[in-house]
Amino acid sequence: MALGADATRRRLSQTASSWVDRHFRWLLVSPAVVLILALTIFPLGYAIWVAFVTYDFNIPGHAWRGIDNFKEVVTDPNARKAIATTAWLATAAVAIELVIGLLLALAMVRPFRGRRWLIPIFLLPLFMSPVIVGQFWALLLTEPFGPTNWLLGAISGSDVNIRWTTQTPWAYFSILLADAWQWTPFMFVILLAGLSAIPDDLYSAADLDGARPRQAFFFVTLPLLLPVMLVAVAFRVIDAAKIFDVIYVLTKGGPGTDTYTASYYLYEQGFQLFHLGRGTAGAWMFMILLSVVSYWLVRRLLKPVEA
Amino acid sequence: MSRPDEPEARDLVARLNAGKLSRRDFVTRASALGISTGAIGSILAACGGDEEVAPPPAETPPAETEPPAETEPPSETAPPAETEPPAAGDPADIAVVAAKAHAGYTVKVTYEGGLQALDPKNFSGPLWEELTGIKTQVIELPFPELYSKPIAEHIATSGAFDILDVPPPNIPSFVEGGVVAPIDDLIEQFGYGPAQEDVHPLYRALGTYKGQTYGIFDDGDMFALYYRKDIFEDPELMSAHESELGRPLAPPTTWDEYTETATFLTGKLAPDVYGAGAFRKQGSPGNQFAFFQQLRANGGTFFDPETMDAVINSDAGVKSLEQMLAVNKASIPGVEELDAVGQWTAWLQGKLAMIFSWPPTGRMSENYSQRDESFSFIPESTIVGKVGYAIMPQLNGEHAGGFVKCISADSKNLEAAYLTVQWLTSPSISLQRVTLPYALRDPYRISHFTSEEYGSLWPGAKDYLAMLNDAANNGVIDLIMPAAADYSFAIDRACSAVWGGEDPKRALDNAAAEWNKITDQTGRDKQKDAYAAFLTLPGATAENTIAALGQALTL
């Protein structure tokens, strides 16, 4: 009997050991798989479900709605306006940041006295929280306590009463100002790295060929900087399309819904009014739209490499 | 039961003052002597302490002379008191005795972030722990998140909160969503019913929904008019006003008068002083309160009760928005970008001749609040002794926001949470809380309005209390029904669009279309019932204010 029990134990132990040996690699990766399932796959699946049901704090139950949540977003004038505002605000912000960032990078690419101090100062806004940036500009711009109008009045010699955050188009201007102030350094630092990587030999060769500085810029600098530029633009477009914090602090989407962006609209629907079904459907549509734009930008990015 | 003026009690107080007795020992021994918790709180507050900011002395509640709650359970047949706390025992004492069974528990309480949270952090939280052993954890939230955060935590069933500070308009949504628990049984069990009779009649029903009680009212947030007496009594200005506008310079009684007087004063005194100020910043919040107030003062309503179509774009609605726009033009430049604190700052600096706002305005104007360092971000008042009080033009001021203390349905200890609320809102403790220099809780009990102690805090305090009572008699309440936040957001957007140049009629047409969509999405029949229930509340319209119902409270 005892011998039989020992044999059984041995056999079980061998079976278990052999099972562990056969599945060892899976055992090693299983914690990571479980984490990914719990933190990514499940929420993603849940978000798909939420987009197709009633998930609204004011309406009990989770009835199936089909594509009604999507329809409600598409037919909501505030949502359509928010998408349009997002598109043009992101485009304008990135264009401004690109131009100023490039000019700064060109000015700073050659060594000069004080350059090592200026570069960190230029980069400071990049390390600030966007909420702080918004608050900073709100304090500067908003009446009656902000000094901007007073300063402009002192310079121009007449009363200035611009409502920077509550009147269109000044509200757009304020948002672009705050965004550009924070993110131009990002463009600057990437473009500076790109410019520094262009070999001096190429400029010497262009010089020997009789190229003027403008020609050297358009035929040497720009083509070689283009891939870096596209990387910077791609990152910034994706990020600028999600702009939220500065708007939350500066304008709260106003006046009216003039400065509602997609993120602000979705935040309001989802986390202020708890129309989670509608908010999630909107978030899916926005994500797909942003993916298309990102895909197009990445394709453009890869083209020079393929060539 | 001992009184604080008996020899043993006097000895105890003397030893506390001399530092020979710790606060905890004082509480223990005073309780053993039978001194009520309200009186203990008053003494501790008056004596101050290292770890607390000393509140002003508060009147000794009449309940101190009642038999101790430990020996006599609360009487359910106690007659309702009109001007006194209940006769069946101080509900604060009852709460303290019962709450000792929950010593060691931590109640998690939401408060609007900033000033509102100073009371539980500095005064009521530490005192409650000394009396009962129950700790208080304060969770500060921005005003809009007082709606969204409890919902998020309820959906996540996190049990993150025990007590919720809920503006009345959010209660229907919270009830329908199961966020808050009914407390009628607890009120009955712990004999709190009679103490509710001491609450001003405008506020009594604000913690209820569909016949059940979900919270205890805790903040009388009436809008009122504050004006500069020195300006309104200036002989030159009085004469010029009379000759230009054909009426004496006095607190305006209609909204058109308000605009005219503000325009007149701005014309005469700017840029040193402007006729008026307001808080019009989108999301601050303020626009919806001001619009709801004027809409009803102008005879308008929210919905057609038969069809539930929005009628905010009626003539009364358009007139209200046009009047608000006119006030903006007569006000300090940048009024569209001001929030409540910004307006207070301009007012206390003496740059505004009149404003309408919440009750802390009166206390800050007299530098009563600024005596506490917590208020250091608010400038010292330059207008002490110069401020007069009046109810709003066209009588119907808004009870704008305010707070009801509700119990989270996900609380892990409903009884401890409820007892904390009963103690906090009891006549004796709430009186101390509304008189804290740094408090933003405003008088709401009859015993607050009639308190001699409160009335003596500054020379005009009695007039201030009388005005607040009068304002509540004539006041209208916020729209209280499911999706109230949605409706309010739409109005806030419409107002700020008008400040940005949109035509008022068009903005209101858009807002009305948005309201109809919200109603359809929430359920038209359900909203119809809810609106019908809202219309039964005192102050729902200008026709059923407390005064119009013949129930005005005379002090």
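This is a predicted model: local features need pLDDT of at least 70, side-chain atom pairs count only at pLDDT 80 or more; totals for chains, interfaces and linings use all residues.
Student: What percentage of the residues of chain A count as buried?
Tutor: A residue is buried if 20 or more other C-beta atoms lie within 10 Å of its own. Applied to the 307 residues of chain A, that cut-off gives 30%.

Student: Which helix gives the most to the side of chain B that touches chain A?
Tutor: In the contact between the chains, 29 residues of chain B meet 24 residues of chain A. Helix H6 (145-155), helix H7 (171-176), helix H14 (340-348) and helix H21 (484-499) of chain B each supply at least two residues of that side of chain B. With 7 residues, the one that gives the most is H21(B).

Student: How do the residues of that side of chain B divide into nonpolar, polar and charged?
Tutor: The side in question is the one through which chain B touches chain A, with 29 residues of chain B in contact. Its residues divide into 11 nonpolar, 12 polar and 6 charged.

Student: Which element supplies the largest share of the largest nonpolar core?
Tutor: That core has 206 residues, and those with the most contacts inside it are Val180(B), Ala224(B) and Ala276(B). Leaving aside neighbours within four places in sequence, Ala276(B) is in contact with residues including Ala262(B), Val327(B) and Leu352(B). The largest share of the core is 11 residues, and it comes from H21(B).

Student: What is the strand order of the open sheet of 3 strands in chain B?
Tutor: Start at the edges, where strand S8 (354-357) and strand S9 (387-390) of chain B each pair on one side only. Strand S7 (residues 224-228) of chain B is joined to S9(B) by 4 bridges, running antiparallel, and S7(B) also pairs with S8(B) in the antiparallel sense over 4 bridges. The order is S8-S7-S9.

Student: How many of the residues of S7(B) are buried?
Tutor: In a regular strand the side chains alternate between the two faces of the sheet. On one side of S7(B) are Ala224(B), Tyr226(B) and Arg228(B), on the other Leu225(B) and Tyr227(B), all of them buried. Helix H20 (residues 461-474) of chain B lies across S7 and S9 of chain B. The number of buried residues in S7(B) is 5 of 5.

Student: Is Leu269(B) buried or partly exposed?
Tutor: Leu269(B) lies in helix H11 (residues 255-269) of chain B. A residue counts as buried with 20 or more other C-beta atoms within 10 Å and as exposed with 12 or fewer. Leu269(B) has 18 such atoms, so it is partly exposed.

Technical notes. Residues are numbered from 1 along each chain as its sequence is written. Chains are lettered from A and ligands numbered from 1 in the order in which they are written. Two residues are in contact if their C-beta atoms, placed from the backbone, lie within 7 Å. Ala, Val, Leu, Ile, Met, Phe, Trp, Tyr, Cys and Pro count as nonpolar, Asp, Glu, Lys and Arg as charged, and the others, Gly among them, as polar. A nonpolar core is a set of buried Ala, Val, Leu, Ile, Met, Phe, Trp, Tyr and Cys residues joined through C-beta atoms within 7 Å. Two strands pair if DSSP finds at least two bridges between them. Axes are lines fitted to C-alpha atoms, for helices over the stretch in contact, and angles run from 0 to 180 degrees between N-to-C directions.
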